[in-house]
Number of protein chains: 2
Amino acid sequence: MVRFIDPPVLPRGFQAAGRHIGLKEGENDLALFHSRRPCEAAGLLTRNHFPGAPIILARERLVEGRLQSVVVNAKVSNVATGEAGLEDARTMARWAGGEGGVDPGLVLVASTGVIGRRLPMELIQGGLKGMGDELDVDPWAAARGIMTTDTHPKVLTVQVGDARITAVGKGAGMVAPNMATMLVFIFTDAELPAEALDRALRRACRDSFQLLSIDTDTSTSDMVVIMANGEAGPVDGDRFQEGLDSLCMRMAELVARDGEGATKLLRVAVEGALDRPEARRVARSVVESPLVKTMAYGADPNVGRILMAVGKCVDCRIVPEAVDAWIQGQKVIEGGVRADFQEEEVRSLLSGDPVEMRISLGTGPGRATALGCDLTEGYIEENAAYASS
Amino acid sequence: MVRFIDPPVLPRGFQAAGRHIGLKEGENDLALFHSRRPCEAAGLLTRNHFPGAPIILARERLVEGRLQSVVVNAKVSNVATGEAGLEDARTMARWAGGEGGVDPGLVLVASTGVIGRRLPMELIQGGLKGMGDELDVDPWAAARGIMTTDTHPKVLTVQVGDARITAVGKGAGMVAPNMATMLVFIFTDAELPAEALDRALRRACRDSFQLLSIDTDTSTSDMVVIMANGEAGPVDGDRFQEGLDSLCMRMAELVARDGEGATKLLRVAVEGALDRPEARRVARSVVESPLVKTMAYGADPNVGRILMAVGKCVDCRIVPEAVDAWIQGQKVIEGGVRADFQEEEVRSLLSGDPVEMRISLGTGPGRATALGCDLTEGYIEENAAYASS
């Protein structure tokens, strides 16, 4: 049983600060996370072919598997800015390192916001100045500092033996506007080497962030990074994994639920697929389908759309007669055809949050659960009705 | 030079009729197309794993490569209805054949609408009665009869030598509501055997309907079928192909432009890809990206989203420094970074219709152009705010 701590706190030896430095109007837009000693570290970075300068820098840093600080700004993503942008990211790492007395090579930089614009370096230099003195065990100011259009800051903590694991994340947000960009920083005082962290993180992400889709658009700035400062000593590996799995899953749900314009979380569980990769493909196809998403939004019992979204996975093994599906436990598809159900009942089940769909393909042992959200006018408004400035 | 005929007409020997029989409120909902002699025929059918009964029947019919009539109803798609649904489709073919004195084995049936409901067979039987007497050379009543939420009927004719090719299509529509379902019936009086029609149709679809995406959801009822009655005698094969290519391309544009909620057509041309399959993948990624679609809708010069959508094709060969992009001829990306342009100018270019994006990847000879539309509140309204009934 994984124990979540409420309210969440930073693990021993970690501190954070958040500030409003004028990148965004009236909201925190800069965050600094700091460990009093160097950490073992690992991370998963976006696979987009146009990685931002912070991603390129992060790749270098993670080769060594050591980090001590993280500095994050909102509003400008420092993507598609070439060599000059990479130099800006390095400079930002140097300034942030200066605030905590940290080797710049141990500072991770993360930026989200508009693509193709240089960072306003003067603002950042001035904004960082003195931030080291504000470092505190309270994670909330920093959690607010990494937000874009998130409607609330996102921090979660699990207890694993004597150690804690805390995740600070931000999700589907826009600044000016921009793409749905996900950042998650995970801090722990457990003692683990970088390779073990890397393995544990990949496994925890596989069923959480790697199966989370707000709008199918993969950002150029996504990163999930874990840092372990060892202050709580060694922990049981299985229990650490279990805690990290739960932490990532719950953070992924928070991010999905707070997707742009979303009113509810969608969870699509597929079982009986040929194998796990096919289960993942089908689950993503359903959770990403605009017609399934609008069905969930409108609470309209148009359950044939589930079949459509399963069936459009043309390269997967689907035996129509073997397919069953449920919405919130109510069977809606049986043997590939509409089950006998009351439309009013399904309408009322679809009005809930989260909406849980279960799909059994009946062809093998593969299973996977994908996370997403409904599609609403709010998504359109946030992404079209803006003027970039 | 391909010659379109305006207004479009049916080729020699073809007739059509359309009726309102009470499936939809106050609009034509049944269509019959008829050739006075049997036609050579070919078709492309949806690859969705849950094909409707009409698709299953069409597969049988197209093995022989001969058709003489097409009967189409709106509102109920006869999908996921099992053996009974297939029997309904056969019965409908028999009734429709009776109206034109046509062998039921030469009647193609097409249905779109809600999934998982049986056809109202009594309505259809009564509705078809006497329709044979209304058959006429005017295609419009029938073109209206196949519409769902299309805002206008879609008919196009090209002249090829002495022959004509006429396409009647319907696009991204909803009934109760349902998925974006595309039907296109193509009639010609040119004389061509079924195998030649099949080859020509596949080639014409490759760069038109096969690169058209309204919302990424592949319907269970899609079909494009061509019928040739030979009344105009043989035609030059190259000119026929050229005419059919143009016809399919323009019909695909009509369908895209009339996508659910759409205010404009998007055309994304990719060149310099490693090969054609990669060009198609990148073009579809851009035209399907919700963030590119909302950018086009809001006329917001957030051109970094183009890079994002190119870059998320993680399995394609993308060399960031080699990527250039243009919007309506204005360069917006140069060597993988934002080009020097006036935001106001690009905003005004994005306000046009169609919006043309050109992307040069600089890595090979592959090229492809994908068609789509913008994403607006209208799409959400049509797909969520309905009550199914």
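**Exercises on a predicted two-chain model**

The contact between the chains draws 54 residues from chain A and 54 residues from chain B. The model is predicted.

**Exercise 1. The side of chain A that touches chain B**

Task: State which elements give two or more residues to the side of chain A that touches chain B, and which element gives the most.

Solution.
- Step 1. The elements of chain A that give two or more residues to this side are α8 (290-298), α9 (304-311), β13 (337-338) and α11 (377-384).
- Step 2. With seven residues, α9(A) gives the most.
- Step 3. Sorted by class, the side of chain A that touches chain B holds 26 nonpolar, 19 polar and nine charged residues.

**Exercise 2. The relation between the chains**

Task: Find which rotation and which shift superpose chain A on chain B, and name the relation.

Solution.
- Step 1. Two copies of a chain are related by a rotation about an axis and a shift along it.
- Step 2. Here a rotation of 180° with 0.0 Å of shift along its axis places chain A on chain B, with an RMSD of 0.0 Å.
- Step 3. This is therefore the relation of a two-fold axis.
- Step 4. A:E377 is the residue of chain A that comes closest to the rotation axis, its C-alpha lying at 2.6 Å.
- Step 5. Of the interface residues of chain A, 100% are also interface residues in chain B, so the copies meet through the same surface.

**Exercise 3. The pairing of β10(A)**

Task: Determine which strands β10(A) is joined to, and whether each pair runs parallel or antiparallel.

Solution.
- Step 1. Strand β10 (residues 265-273) of chain A is joined by seven bridges to strand β15 (residues 366-373) of chain A, and the two run antiparallel.
- Step 2. In this pair, A:V270 has A:A368 of β15(A) as its bridge partner.
- Step 3. Six bridges join β10(A) to strand β14 (residues 355-360) of chain A, and these two run parallel.
- Step 4. Here the bridge partner of A:A269 is A:R358 in β14(A).

**Exercise 4. The packing of α2(A) and α3(A)**

Task: Classify the crossing of α2(A) and α3(A) as roughly parallel or roughly antiparallel, and list which residues meet.

Solution.
- Step 1. The axes of helix α2 (residues 82-100) and helix α3 (residues 121-128), both of chain A, come within 10 Å and cross at roughly 10°.
- Step 2. Angles under 35 degrees count as roughly parallel.
- Step 3. The helices α2(A) and α3(A) are therefore roughly parallel to each other.
- Step 4. From α2(A), residues A:D88, A:T91, A:M92, A:W95, A:A96 and A:E99 meet A:M121, A:I124, A:Q125 and A:L128 of α3(A).
- Step 5. The residues of this contact divide into six nonpolar, two polar and two charged.

Technical notes. Residues numbered from 1 in each chain as written. Chains lettered and ligands numbered in written order. Predicted model: local features only at pLDDT ≥ 70, side-chain atom pairs only at ≥ 80, totals over all residues. Contact = placed C-beta atoms within 7 Å. Helix = DSSP H or I, 4+ residues; strand = E, 2+ residues; numbered from the N terminus. Nonpolar A, V, L, I, M, F, W, Y, C, P; charged D, E, K, R; others polar. Least-squares fit on C-alpha atoms with pLDDT ≥ 70 in both. Pairing = 2+ DSSP bridges. Axes fitted to C-alpha atoms, helices over the stretch in contact; angles between N-to-C directions. Parallel < 35°, antiparallel > 145°, perpendicular 65-115°, else oblique.
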